[in-house]
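Good morning, colleagues. Please bring up the sequence and the structure, and I shall then speak about a few selected sites.

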Amino acid sequence: MDLIEKFESARPRLLSVAHRIVGTHHDAEDAVQAAWIRAQSADLHAVDNLDGWLTTVTARLCLDQLRARERRGEIPLTADHIPGIQLAADEDFLQREQVSRAMLVVLDELSPKQRVAYVLHDLFSVPFEDIAAVLDMTTASAKKLASRARLRLSTAAPTARQRRNITDQLDIVEAFLSAARGGDIERLITLMAPDAVRTVDPTLIPSGAATLVRGARAVAEETRSFVDRIVLATTLLVDGRAGAVIAPGGHPFAIIRMGVRDGLVAHIDIAPYAAGTVELPPAFSGIVPN
């Protein structure tokens, strides 16, 4: 098998690794293509593990991209930073490859080095020795970075009772979003308290639209106007409570906070995304490495 065949065989995995690190299909493609150019000009005769070598090179190129974003103030990389055409391409890739929308949102909360360490080790099982080479640090330091990333991404282990409460609230939020995506107005009404209230930041809605809606039926019927956004929402913990983030292509745009009272949604507040507000639920199982 010649170099072209070996690279094309490795390309899907390299693209998956790059996408989880940089978060956009376009930038991931750029990193993989740059890795191919380097492979063509490198002396690979002494390389025993070409896949490992390509992964290391690709990860370094991705790290360079993240550092450049950090200098430009684009971490986290919100939907506001990305042209519409690229958002559509990222959404298409996310759905085609079954990438976790929630995972992409929280990965943007990490520093560049934390993100590389976490993605390589926890999502793709790359040994810490290789990660240390990518990050130009000791193996022990690479392990610490991944550990800090895990702490940042997930809430501290709650008590059994707290875990049940969070799980129950997340189930309610997901049921609400599912009904809204499907246009099931009657189901939405049963999920809300009769006096439910929806508030929204005026910058997120068309001029003249109501920033305050009262009553379960009124709130339920209004969801018909925003189905295109609701289908892009994913459940997460927001400020430690069950909520959701609207994230086209995995890029955060807005936060949905839901107040639950006696098992029913009593208050919905939609606000622009703010870094540092979201984390993965306990025992999160939405990781799809591909």
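By contact I mean heavy atoms within 4.5 Å. In that sense, Arg187 is in contact with Ala175 and Ala179, once its neighbours within four places in sequence are left aside. What we are viewing is a predicted model, in which local features need pLDDT of at least 70 and side-chain atom pairs count only at pLDDT 80 or more, whereas totals for chains, interfaces and linings use all residues. Residues are numbered from 1 along each chain as its sequence is written, and side-chain values use heavy atoms, with hydrogens and water left out.

Arg187 belongs to helix α10, residues 185–191; helices are DSSP runs of H or I with at least four residues, numbered from the N terminus. Its relative accessibility is 39%, so Arg187 counts as partly exposed, the class between buried, under 20% relative accessible area, and exposed, over 50%, with a 1.4 Å probe and protein chains only. From C-alpha to C-alpha, Arg187 lies 8.2 Å from Phe176, and the two are 11 residues apart in sequence.

I turn now to helix α1. Asp2 stands at the start of α1, with a side-chain oxygen within 3.3 Å of the backbone nitrogen of Ile4. The helix bends by about 45 degrees at Arg11, and Pro12 follows within four residues; the bend is the angle between axes fitted to the seven residues ending there and the seven starting there. Buried residues of α1 include Phe7, Ala10, Leu14 and Leu15, and the buried residues of this helix pack against α2, α3, α4, α5 and α6. After α1 comes Gly23, with a positive phi near 85 degrees.

How many aromatic pairs are there? Rings of Phe, Tyr and Trp (its six-membered ring) pair if their centres lie within 6.5 Å; planes under 30 degrees apart count as stacked, over 60 as edge-to-face and the rest as tilted. The count is 1 aromatic pair. The ring centres of Phe7 and Trp36 are 4.9 Å apart and their planes stand at 40 degrees, so this pair is tilted. It links distant parts of the chain, Phe7 in α1 and Trp36 in α2, 29 residues apart. Both residues, Phe7 and Trp36, are buried.

Finally, Asp90 is found in helix α4, residues 84–96. The side chain of Asp90 makes a polar contact with that of His251 at 2.7 Å. Not counting residues up to four places away in sequence, Asp90 touches several residues, among them Gly23, Thr24 and Gly249. Polar contacts are pairs of N or O atoms within 3.5 Å; within protein, one must be able to donate a hydrogen and the other to accept it, and residues adjacent in sequence count only if both atoms are side-chain atoms.

Methods. Helices (H or I, at least four residues) and strands (E, at least two) are DSSP runs, numbered from the N terminus.
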